[in-house]
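Try each task yourself before you read on.

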Protein chains: 2
Amino acid sequence: MHTDLYQLTMLQSYFERDMTAPAVFELFVRKLPENRNFLLAAGLEQALNYLENLRFTEAELDWLAGCGHFSRAFVDHLSALEFSGDVDAMPEGTVFFPHEPILRVVAPLPEAQLAETRLINLVNFQTMIASKAARCVLAAPGKLLVDFGLRRAHGAEAGLLAARAAYLAGFTGTSAVLAGKMFDIPLYGTMAHSFVQAHDDEVAAFADFARTQSGPIVLLIDTYDTEAAATKVARLATELKQQGLGVDGVRIDSGDLGAHAQKVRRILDDSGHSEITIFASGNLDEWLLERLVSGGAPIDGFGVGTHLVTAADYPSLDCAYKLQEYAGIARRKRSEGKETWPGRKQVYRVHDSRGRLDHDILALASEPGHGTPLLQPVMREAKRITPAESLGDIRARTARQLAALPDGLRGLGKARPYVTEIADGLIRLAAEVDQRSNKAGDAEDAGQT
Amino acid sequence: MHTDLYQLTMLQSYFERDMTAPAVFELFVRKLPENRNFLLAAGLEQALNYLENLRFTEAELDWLAGCGHFSRAFVDHLSALEFSGDVDAMPEGTVFFPHEPILRVVAPLPEAQLAETRLINLVNFQTMIASKAARCVLAAPGKLLVDFGLRRAHGAEAGLLAARAAYLAGFTGTSAVLAGKMFDIPLYGTMAHSFVQAHDDEVAAFADFARTQSGPIVLLIDTYDTEAAATKVARLATELKQQGLGVDGVRIDSGDLGAHAQKVRRILDDSGHSEITIFASGNLDEWLLERLVSGGAPIDGFGVGTHLVTAADYPSLDCAYKLQEYAGIARRKRSEGKETWPGRKQVYRVHDSRGRLDHDILALASEPGHGTPLLQPVMREAKRITPAESLGDIRARTARQLAALPDGLRGLGKARPYVTEIADGLIRLAAEVDQRSNKAGDAEDAGQT
């Protein structure tokens, strides 16, 4: 039921007209957002899970029958509908570029059509967040990076899937408890300002927290005066040490994070507490991370929230899922500015002698190609043919993929675009499809319908 | 479990230290996004529902006990935790401004603290979308406006709640089927390009669709050539009329929507089909709506998707939920740039002689105020004291609120900010709280801890 009304109205026509031949849909991104030099595929696991479980409940069928848009015969068709098709896809964590399909569905037209809305909804979001997170990872190499975004994510599912996408892109963990439970992502947390405020004085708050925690002790020091609080932490840490307890870190959440971190580092070091780490948060994005890191701010880790989980500078991808073939005949959309490449396609990646990405080739799946084919078979007749990948494996793939990026694509600024060549066979097919459509158009104009 | 790890670590300390006295938290927005002159409160229904159902399952408790962050004693505390407190709030659909609390929770500290993450997650998102949708409604008065955003919403919940928020703000309906079922929002849909492409010619696609639908017939005409398709639709509509069937509308989804609409309108009118409406979609936002409407484009309705459901120009609000009082003592956060007003507050709204908003007064709830108090009691001891409002009633309230906006705030551009005065009692309390904190700080610095 996570679908658009028009999918169901189209299905009603398809069933009534027996248009249930195999359809080929491909999911791709039309163009890169302004501040992205590459994208990172993510969300395949949830997409496959969705297809495996695609069916309507009795309650849903009853509602559909009564909502005024559908015939009883159509609702009966829906009651028997399950996904029976094939899926090929780029593994999660694969770097990709515009117009390259990352997912292909081959299934009877009604099944493949119905799935459009939710497939885009799942893949668009995680791909967007993983791509944003990868920029943070590249901007702050070796730093502890934690997703802090749940509260400003767009709903509960966005919070969960953002934590997953950030982790697979190389983040260290998340603050979202349910994401920790569901995806086995390491959890991180400190304390809120309200904890300090609920105590009548700041030191009492710090001491209470340190004495009642079983996990790491990270104290938030900017509720009133950051440097004054750092001095209190240093004194408390000395006191606690004598009792066998420790303070692991401090968190700074406001003001000039770099300047505060410098002063706090000095206060902690001067009092013999160089073991206490500094963690920073507060409206961070990849640009601020880069500035703090390149400025030499003594910050060990960062909490990145709103900008990450909303992909704030560009909160959507121009992601499409388009019919490329029906009943064995290649198809192509020609709407202004939204033209697509027809047919079943494969993406071949060519590396240079140092193992870095050199260029890609977008070709017909049936064309001979050279380079590494990126789309792999993952589902046949609705059954997975490869086991679900662990998030750790995906995260390791991402790390290898990011390491293989050419230098030009690693920076935050706009780079010279990566080259995706179009293979000859694909160019020829597009021309054939256009010629056929033009003929069909002429025929119609002559009234031969 | 939709919470941040730090909420649970803080709760562990609160329980161990018996810090379970009543706490007062207020949810507010610190500042307006760049292109907003007002905000529209939304999400209260889901927030109350969350509080009513706040508890941990056995499986969740087991996981928490084993995750390494918590003591068994604490997990036992959690097993008994339910929300037992009070809530006051602005009704959904109320216009509000920065620093004005839209929701107040009074509950034992652990309960009120735990709820922070999900309350912000729910209220931040719907308020953001309702506020964006209200701008579309003001930009295109009297037009049919349909939420088309599910596929690019950030996950499933975002798609559902965006449909709800847009509808309560004045949208006509949504394409999201499940939102129609869950919230009784009118559903709208047309057809996709793939429907046209799956047919060997365009007219056959149009005819098939028209002959197999029980709901409205809206034909998508930009798959190949918009004006050529409009001519085909006109011819088909004449043919269908003789069979007692009709075409309700056409949809244009690409190119210069205004220019195409002019030509299509002429084609339809010249062939005697002035009854066929024109619907437009494709990357629309409130600015484009305003341009098309003020330019006189003959478009009857608009599908607004990505920009609406992601609030693309500003995909988060600076929404906070802060401790304002604990154990009867007012509290205040003083972090740089993030200072809050302490104590339990009320917002009074003063209208001018024509019933338009004139100014607001932010006061202590205990202060005598004049004007209309906006925060109303909605929950006492975890029980709702007012029935859940229908979405229709909320939508009607929004319409009244938008009609009462001063002219300056109705435009899309930045207006002179609306005035929210701070009442004397609140100013005095903030000064007292600061004086007390300073004293506490001095005492600590002198080592009296």
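**Exercise 1.** Describe the make-up of chain A.

*Solution.* Start with the secondary structure: chain A has 17 helices and 19 strands, where helices (H or I, at least four residues) and strands (E, at least two) are DSSP runs numbered from the N terminus. This is a predicted model, in which local features need pLDDT of at least 70, side-chain atom pairs count only at pLDDT 80 or more, and totals for chains, interfaces and linings use all residues. Residues are numbered from 1 along each chain as its sequence is written, while chains are lettered from A and ligands numbered from 1 in the order in which they are written.

Next, look at the extent: the C-alpha atoms fill a box of roughly 90 × 55 × 40 Å along the principal axes.

**Exercise 2.** Find the domains of chain A and say how far apart their centres lie.

*Solution.* First, take the bounds, which come from an automatic or database domain assignment: domain 1 covers 5-129 + 316-445, and domain 2 covers 139-309. Then compare the C-alpha centres of the two domains, which lie 39 Å apart.

**Exercise 3.** Work out which residues of domain 1 touch domain 2 in chain A.

*Solution.* Count the contacts (C-beta atoms, placed from the backbone, within 7 Å): 13 residues of domain 1 meet 18 residues of domain 2. Now trace the domain 1 side to its elements: α6 (116-139) and α15 (391-403) of chain A each supply at least two residues. The largest share, five residues, comes from α15(A).

Key
Two residues are in contact if their C-beta atoms, placed from the backbone, lie within 7 Å.
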